[in-house]
Amino acid sequence: MNEKYPMNEKYPMKRLVVVESPTKANTIRGYLSGDGHTYQVEASMGHVRDLPASAKDVPEQYKGEDWSDLGVNVEEGFEPIYVTKGRGKKVLGELRQALADADELYIATDEDREGESIGWHLTEALDPDVPVRRMVFHEITQDAIRGALENTRGIDRSLVDAQETRRILDRLVGYRISPLLWRKIAPKLSAGRVQSVAVRILVLQEKERIVFVPATYWDLEATLRHGGQTFDAELTHFGPEGNGVRIASGKDFADETGRLEEGLTGWDGEGDAPSAPDDARVLFSEEKATALAEALPDRPWRVAGVKRRTRAKSPYPPFITSSLQQEASRKLGFSSGRTMSVAQRLYENGHITYMRTDSTNLAQEAVEGARRAVEGRYGEEFLSKSARSYGGKTSESAQEAHEAIRPAGAEMRTKDELGLTGQEGRLYDLIWKRTIATQMADARLRYTNAYLDVEGPGGHTARFRAGGKEVLFPGFFRAYVEGSDDPEAELEDREHPLPALEEGHAPDCRSVEPSDHETEPPSRYTEASLVETLEEEGIGRPSTYASIIETIQQRGYVEKNGKQLVPTFTAFATNNLLEKQFERLVNTSFTAEMEDILDDIARGKREATPFLESFYRGEGGIDQRVKTGLEEIDPKQVSEIQFAKWQPYVVRVGRYGPYVEGPLGATGETATASLPDDLWPGETTKERLHDILEESNAGDRPLGIHPEHDMPVLLKNGPYGPYVQLGDNEQQGKPKRVSLPPGIEPKDVDFDLALQIINLPRVLGEHPDDGQPVDTHIGRYGPYVRHWREDRKPLYASLKPNKGDDVLTVELDRALELLKKKKSGRREPERTLGEHPETGEPVTVWDGRYGPYVRHDGTNASLIDDQTIENVTLEEAVQLISEKEA
């Protein structure tokens with residue numbers, strides 16, 4: 001309850017309610033009626049004020065200050081300078097008009113720190129002279145909204161302080177350290193308080209992959225039959241009966257050497273077994289493994305023992321932000337950003353509870369609703385004996401939404417009942433199943449291990465193990481299996497029962513096959529596994545993970561290869577500098593401690609200013625570290641990336657990107673060469689670096705004499721890449737040159753291919769409209785088709801290599817299709833999705849040089865994840881545009 005302005009229900013009042021988005025406003029508007037008051041619901045479109053983005057945005061009275069470029073007065077209590085510009089001014093103007101007729105102002109922004117901060121900025125900028133009330137809810141339902149209206153409070157300044165402190169920290173790190181990166185490594189790079197730690201995690205994993213040395217080992221796999229059922233078994237031990245030596249497996253080898261871990265000795269299976277079998281591993285040669293596989297099937301097999309155990313498996317807790325991101329990545333293939341975007345729409349449309357939360361608690365109405373749904377859909381036997389409670393977050397760092405992500409309300413309606421389809425339907429279904437499963441009975445499984453012995457040549461016993469699993473009662477598996485999008489199919493996959501084996505049985509061996517294995521380097525991170533690691537380490541908050549992952553990709557530190565997150569050479573060089581000069585800042589423990597401090601500020605237990613002072617100017621503070629870094633860091637040294645297996649070559653990152661430096665084969669002179677954009681550190685080899693260096697520094701390569709022009713055709717390298725040239729510079733003033741088409745490497749160019757390239761442009765035929773020629777060529781921005789229009793400038797249309805267009809093979813029909821979209825000199829969209837729900841203006845889809853995007857009223861937003869020109873919907877496009885505008 002707001003103490004300054006107590007609730008007044010004596011007469012009808014006009015209440016202005018402000019939320020963040022139009023979608024949320026539309027949903028809430030339907031629940032605000034029937035109490036005698038008049039409500040007007042408006043959207044702030046996110047923050048209306050922020051720190052100045054650049055020097056030109058800094059207010060005039062501060063521009064002479066040393067700290068003005070930061071937008072934070074580091075000399076007087078780290079006071080932030082807030083500015084309103086662009087859309088924020090328009091929004092504030094509209095809200096002031098609405099406020100002029102209002103009796104009360106209700107702030108209904110999200111219940112987390114960001115939402116609290118948006119509300120505080122609104123009240124500061126509007127400076128209302130009417131009562132201000134903060135209404136908080138974690139789901140948009142009739143009951144939740146009415147309850148929030150009846151239980152308002154004031155703005156929680158501690159939450160605002162925590163958000164403001166985080167914003168200042170991020171500004172200090174970004175605006176002080178980024179210029180150091182520009183000076184010492186390359187322009188346009190950026191540092192971030194959390195993003196740099198995420199990059200370091202990826203780089204350290206990639207370094208382990210680079211130094212990894214694979215090891216090869218052999219084992220045996222047997223196929224047997226008993227009681228009419230076939231089953232498989234694998235060799236686990238070999239040696240004296242009852243005292244065999246374990247067969248080597250991948251975990252027995254050291255990653256950096258490819259040899260057995262220290263303390264283990266290898267035995268080839270010949271002669272006497274080691275006297276200390278626990279400290280040894282069997283390392284079969286291919287010949288030994290093959291000989292055993294041939295000898296064992298004809299010998300008698302015996303079941304030496306059987307072990308069975310039954311295990312109950314309980315349901316997983318309901319979703320919190322991080323677990324939803326991980327499961328949506330595994331099951332649905334969503335990026336973290338896509339998951340949060342879709343969840344935001346589900347929340348704002350009243351379908352799920354608030355999606356930024358660390359709490360696994362479920363409200364009583366949700367528990368009761370889930371139990372009714374279980375009993376009605378699956379039967380009483382699938383219902384847990386008593387209501388399950390998952391409690392709250394064990395740490396004190398839980399975000400401000402104190403309930404798990406679940407379907408809104410108590411009815412637990414399915415996606416079909418709500419009419420949800422597409423990405424929203426898939427994500428809602430995932431949340432629904434996870435919530436329902438929390439109130440289902442345990443699954444019961446039985447695991448069986450059977451141990452089989454057979455005597456091999458030389459008197460040694462080979463022990464095999466066969467494993468089986470049975471689902472005795474599926475319980476919650478009937479609704480939800482983690483990592484699977486189809487619970488029923490997953491149940492079938494989980495069933496691997498063994499035949500009824502008992503000690504002394506003699507199954508029939510059908511075959512034994514030798515199997516070779518090679519150890520694998522550590523797996524690269526995916527979005528799901530990176531989110532899991534960030535959460536485990538306490539780095540950042542789950543609500544920020546999506547933006548972190550998006551940012552490190554946009555900055556060129558990470559590229560996606562399928563689901564893998566692959567750090568680039570730029571990431572390696574940047575991490576070198578940050579580890580050298582700001583080790584504490586990229587330390588996971590220190591970053592986690594900062595999150596704890598922000599939590600203390602949010603709870604009112606700590607003041608922000610002393611913490612900021614220590615961070616900025618204290619021992620090891622970034623202010624002094626930046627100053628010394630500018631003076632002491634050697635750009636060439638700090639940007640160097642080298643590994644023993646690359647010697648004698650090193651990679652550096654400079655102003656124009658990564659390049660290799662090393663000796664040329666013929667002369668031994670040191671030379672450099674730019675690295676291709678698609679080469680990653682983890683795929684780099686000594687041989688690849690050698691080839692790049694030699695090709696880039698090779699002289700002109702004569703390929704032959706042009707049959708028509710009687711001039712040499714040369715393959716050359718220039719500052720913008722390799723090209724084919726007709727004639728040499730002495731024969732003519734400006735010889736004809738044509739760049740290599742996309743996807744063609746210099747090593748692939750022979751005389752025939754060079755002739756096709758140098759003979760460009762290639763005439764494809766006549767345009768049916770005017771009979772003028774249509775040809776194809778390669779220009780400054782890549783391959784294109786061209787229509788030589790009569791009495792007008794030529795019309796150009798870019799070819800699309802990513803869609804299979806090849807300048808050397810493209811035909812007239814395809815050229816006409818591309819030119820049609822450029823008719824009258826204007827580009828046409830690939831699709832028109834419909835009218836924007838707020839403006840009525842068209843929303844269109846375009847295919848740009850850097851990928852497909854949607855456009856509305858001058859705003860462009862790139863498609864993301866699995867969205868394509870063909871499948872993106874109007875609703876998804878509107879959301880992308882809204883996010884870009886915000």
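**The second largest cavity has a volume of about 30 Å³.** A cavity here is a set of points, on a 1 Å grid over the protein atoms alone, where a 1.4 Å probe fits but cannot get out, and its lining residues have an atom within 4 Å of a point. Grid points are joined across faces, edges and corners, and the volume is the space filled by probe spheres set on those points. By this rule, the count comes to 2 cavities of 30 Å³ or more. Keep in mind that this is a predicted model: local features need pLDDT of at least 70 and side-chain atom pairs count only at pLDDT 80 or more, while totals for chains, interfaces and linings use all residues. Residues are numbered from 1 along each chain as its sequence is written, and side-chain values use heavy atoms, with hydrogens and water left out. Look for S190, S196, V199, Y557, T574, N575 and L578, which line the second largest cavity. Two or more of the lining residues come from each of α6 (195-211) and α16 (569-581). Helices (H or I, at least four residues) and strands (E, at least two) are DSSP runs, numbered from the N terminus. Helix α16 gives the largest share of this lining, 3 residues. Sorted by class, the lining has 3 nonpolar, 4 polar and no charged residues. In this sorting, Ala, Val, Leu, Ile, Met, Phe, Trp, Tyr, Cys and Pro count as nonpolar, Asp, Glu, Lys and Arg as charged, and the others, Gly among them, as polar.

**Strands β16 and β17 make a hairpin.** Residues 558-561 (β16) and 564-567 (β17) pair in the antiparallel sense over 4 bridges; two strands pair if DSSP finds at least two bridges between them. Opposite E559 you'll find V566 of β17. There are 2 residues between the strands, and G562 in the turn has a positive phi of about 65°.

**Helices α10 and α12 pack at about 95°.** Here α10 (residues 364-378) and α12 (residues 422-437) have their axes 9 Å apart. Axes are lines fitted to C-alpha atoms, for helices over the stretch in contact, and angles run from 0 to 180 degrees between N-to-C directions. The two helices are therefore roughly perpendicular to each other (angles under 35 degrees count as roughly parallel, over 145 as roughly antiparallel, 65 to 115 as roughly perpendicular and the rest as oblique). From α10, A370, A373, V374, R377 and Y378 meet W432, T435 and I436 of α12. Those contact residues split into 6 nonpolar, 1 polar and 1 charged. Contact means heavy atoms within 4.5 Å.

**Helices α5 and α19 cross at roughly 10°.** The axes of α5 (residues 157-184) and α19 (residues 622-632) come within 10 Å. That makes α5 roughly parallel to α19. On the α5 side, the contact is made by L172, V173, R176, I177, L180, R183 and K184, and on the α19 side by I622, D623, V626, K627, G629 and L630. By class, this contact has 7 nonpolar, 1 polar and 5 charged residues.

**An open sheet of 4 strands runs in the order β18-β19-β20-β21.** Pairing in this sheet is antiparallel. At the edges stand β18 (640-641) and β21 (670-674), each with a single partner strand, so one side of each has no neighbour in the sheet. Strand β20 (residues 657-663) is joined to β21 by 5 bridges, and E661 has T672 in β21 as its bridge partner. Helix α21 (residues 686-697) lies across β19 (650-654), β20 and β21, running at about 95° to β21. In the loop between β18 and β19 sits P648, joined to Q647 by a cis peptide bond with omega about 15°.

**Another open sheet of 4 strands has the order β26-β27-β28-β29.** Its pairing is antiparallel. The edge strands are β26 (762-766) and β29 (795-798); each has a single partner strand, so one side is left without a neighbour in the sheet. On average, neighbouring strands are turned by 25° against each other, direction ignored. Strand β28 (residues 782-787) pairs with β29 over 4 bridges, and the bridge partner of Y784 is S798. Helix α23 (residues 812-820) lies across β26, β27 (773-779), β28 and β29, at about 105° to β29. P761 lies in the loop between α22 (751-758) and β26, and the peptide bond from L760 to P761 is cis, with omega near 5°.

Note on methods:
On a 1 Å grid over the protein atoms alone, a cavity is a set of points where a 1.4 Å probe fits but cannot get out, and a pocket is an open set with protein on both sides within 12 Å along at least five of seven lines; lining residues have an atom within 4 Å of a point.
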